[in-house]
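Here is my notebook from an afternoon of looking things up in one protein. Keep the picture open beside you and follow along.

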Amino acid sequence: MIFGFACQKRRQPKTPSGLDPARIAELGHYPALSHLPLRSLRFTVPTPPTPAHPARLILASTSPYRRELLSRLQLPFETVSPNVDETPLPGEAPEALALRLAEAKARAVAALHPDALVIGSDQVAVLDGAIYGKPGTHERAVRQLQTMRGRTVNFFTGLALVNGRDGRAQIQGIPTLVTFRALSDGEIEAYLRREQPYNCAGSAKSEGLGIALLERMEGSDPNALIGLPLIALCDMLRHEGVALFG
């Protein structure tokens, strides 16, 4: 935002992620935020009284990357596989898919552990309105990176925290705009053979050698790109009365 001495441009509103909606919309792969349902951006509940017996904390994921991120908060937690069908619904927008799956994962585990606070998270890579998920094979990973090179991709992370005791949910979407370098076919092939990121959305493991594929990032939380936005999660935990500093 540029300000002059004679006049000032009106400041544009920011999304909950801190990104300018105009900046996201102009890239053409994230719908205007004003058109998204309110719950797609953020839904929070008033802070409840601290319970006599603090709720267990469960991460509805078996991802080692999300487990490592959550361990940074130094809170005791468990991990449980959510066993949720991740098939997109007909006509479902990529961002809506990530938000729905994050909540579905958390609710699936909360139904089995009603005494717990359950964290669900899901991420999609979006380019030109299309979803780029986990490639699964080397050939698909090559095609993904060839399409993304020199382009800016929205790695959109849906985050949900569900209170199993009463079903309350907090849901937030965190976009991270990632610009890939203009990679040669040889660089793509060498990277994939070395790191084999076939279980990573967008075929890039940013917590590893995949960071070398990237030119720049825009986002409110560097952890979101790895799959668990800790800044947003800390805010959600505070709303549930969780003491983050003992």
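I started with Y65 and found it in helix α3, residues 64-71. (Helices are DSSP runs of H or I with at least four residues, strands are runs of E with at least two, and both are numbered from the N terminus.) The model is a predicted one, where local features need pLDDT of at least 70, side-chain atom pairs count only at pLDDT 80 or more, and totals for chains, interfaces and linings use all residues. Residues are numbered from 1 along each chain as its sequence is written, and side-chain values use heavy atoms, with hydrogens and water left out.

Leaving aside neighbours within four places in sequence, Y65 is in contact (heavy atoms within 4.5 Å) with K205, E207 and I226. I also noted that Y65 and G227 are 162 residues apart in sequence, yet 7.4 Å apart in space from C-alpha to C-alpha.

My second stop was D122, which the unreviewed UniProt entry annotates as "active site". I kept in mind that UniProt positions are given here in the numbering used for this chain, that feature names are shortened, and that annotations may be inferred rather than shown by experiment. D122 sits in strand β4, residues 116-127. Why does D122 count as buried? Its relative accessibility is 5%, so D122 falls in the buried class.

Not counting residues up to four places away in sequence, D122 touches several residues, including R66, E86, K105 and F156. The side chains of D122 and K105 are joined by a polar contact of 2.9 Å. (A polar contact is a pair of N or O atoms within 3.5 Å; within protein, one must be able to donate a hydrogen and the other to accept it, and residues adjacent in sequence count only if both atoms are side-chain atoms.)

Last, I stepped back to the whole chain. I counted 7 helices and 8 strands, and 48% of the 246 residues are buried. Among contacts between residues at least 6 apart in sequence, 68% join residues at least 24 apart.

Terms used:
Buried means under 20% relative accessible area, exposed over 50%, partly exposed in between (1.4 Å probe, protein chains only).
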